[in-house]
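User: I have a protein model to look at. Please take me through it step by step.

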Amino acid sequence: MKDITLIILGAGDSTRFGLAQKKQWLRSGDDPFWLVLARRLASYADFEKIIIVGSEDEIKHMKYFAPEFCCAKGGPTRQESLKNALALVNTPFVM
């Protein structure tokens with residue numbers, strides 16, 4: 001599957017979630033949910049690249065938790081966030 005890039009959108013504000021903390025930063029053990037998801041998906045397939053999209057102020061923390069993944073800056077909308085991630089893709093297929 002080296003011809004597929006996986007993009008995980010995690011830059012949202014979780015405003016509908018109803019908690020003070022963003023849902024992507026809730027923990028499962030010692031790891032935030034976005035990292036648990038990324039590692040679980042990485043274990044299922046050999047992706048060329050996994051791109052985690054986060055808000056600008058969270059990317060530094062995301063890189064600290066998961067230097068093995070690529071990070072992209074989220075935009076003001078989900079569409080802009082995806083566009084930013086797609087700019088980092090060099091495979092013919094994206095998931």
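Analyst: A salt bridge is a side-chain nitrogen of Lys or Arg within 4 Å of a carboxyl oxygen of Asp or Glu. This is a predicted model, where local features need pLDDT of at least 70, side-chain atom pairs count only at pLDDT 80 or more, and totals for chains, interfaces and linings use all residues. Residues are numbered from 1 along each chain as its sequence is written, and side-chain values use heavy atoms, with hydrogens and water left out.

User: How far apart are the closest N and O atoms of Asp 46 and Lys 2?

Analyst: Asp 46 and Lys 2 form a salt bridge. This pair links distant parts of the chain, with Asp 46 in the loop between helix H1 (33-44) and S4, and Lys 2 in the segment before S1. Helices (H or I, at least four residues) and strands (E, at least two) are DSSP runs, numbered from the N terminus. The closest N and O atoms of Asp 46 and Lys 2 are 3.5 Å apart.

User: Is Asp 46 buried, exposed or partly exposed?

Analyst: Buried means under 20% relative accessible area, exposed over 50%, and partly exposed in between (1.4 Å probe, protein chains only). Asp 46 has 46% relative accessibility, so the residue counts as partly exposed.

User: In what order do the 4 strands of the open sheet stand?

Analyst: Strands of a sheet pair through backbone hydrogen bonds, either parallel or antiparallel. Two strands count as paired if DSSP finds at least two bridges between them. Here the pairing is parallel, and the order is S5-S4-S1-S6.

User: Why is one side of S5 and of S6 left without a neighbour in the sheet?

Analyst: Look at where they stand. Strand S5 (70-73) and S6 are at the edges of the sheet.

User: Which residue in S5 is the bridge partner of Gly 54?

Analyst: Strand S4 (residues 49-54) pairs with S5 in the parallel sense, over 4 bridges. Gly 54 takes part in a bridge to S5. Its partner there is Lys 73.

User: Which residues does Leu 88 touch, not counting those up to four places away in sequence?

Analyst: Leu 88 lies in the loop between helix H3 (78-86) and strand S6 (93-94). Leu 88 and Lys 49 are 39 residues apart in sequence, yet 9.3 Å apart in space, C-alpha to C-alpha. Contact means heavy atoms within 4.5 Å. By that rule, Leu 88 touches Lys 49, Ile 51, Cys 70, Cys 71 and Ala 72.

User: Which side chain makes a polar contact with the side chain of Thr 91?

Analyst: A polar contact is a pair of N or O atoms within 3.5 Å; within protein, one must be able to donate a hydrogen and the other to accept it, and residues adjacent in sequence count only if both atoms are side-chain atoms. The Thr 91 side chain reaches the backbone oxygen of Phe 93 at 2.8 Å. Its side-chain partner, at 2.7 Å, is Thr 5.

User: Is Thr 91 buried or exposed?

Analyst: Thr 91 lies in the loop between H3 and S6. Its relative accessibility is 14%, so Thr 91 counts as buried.
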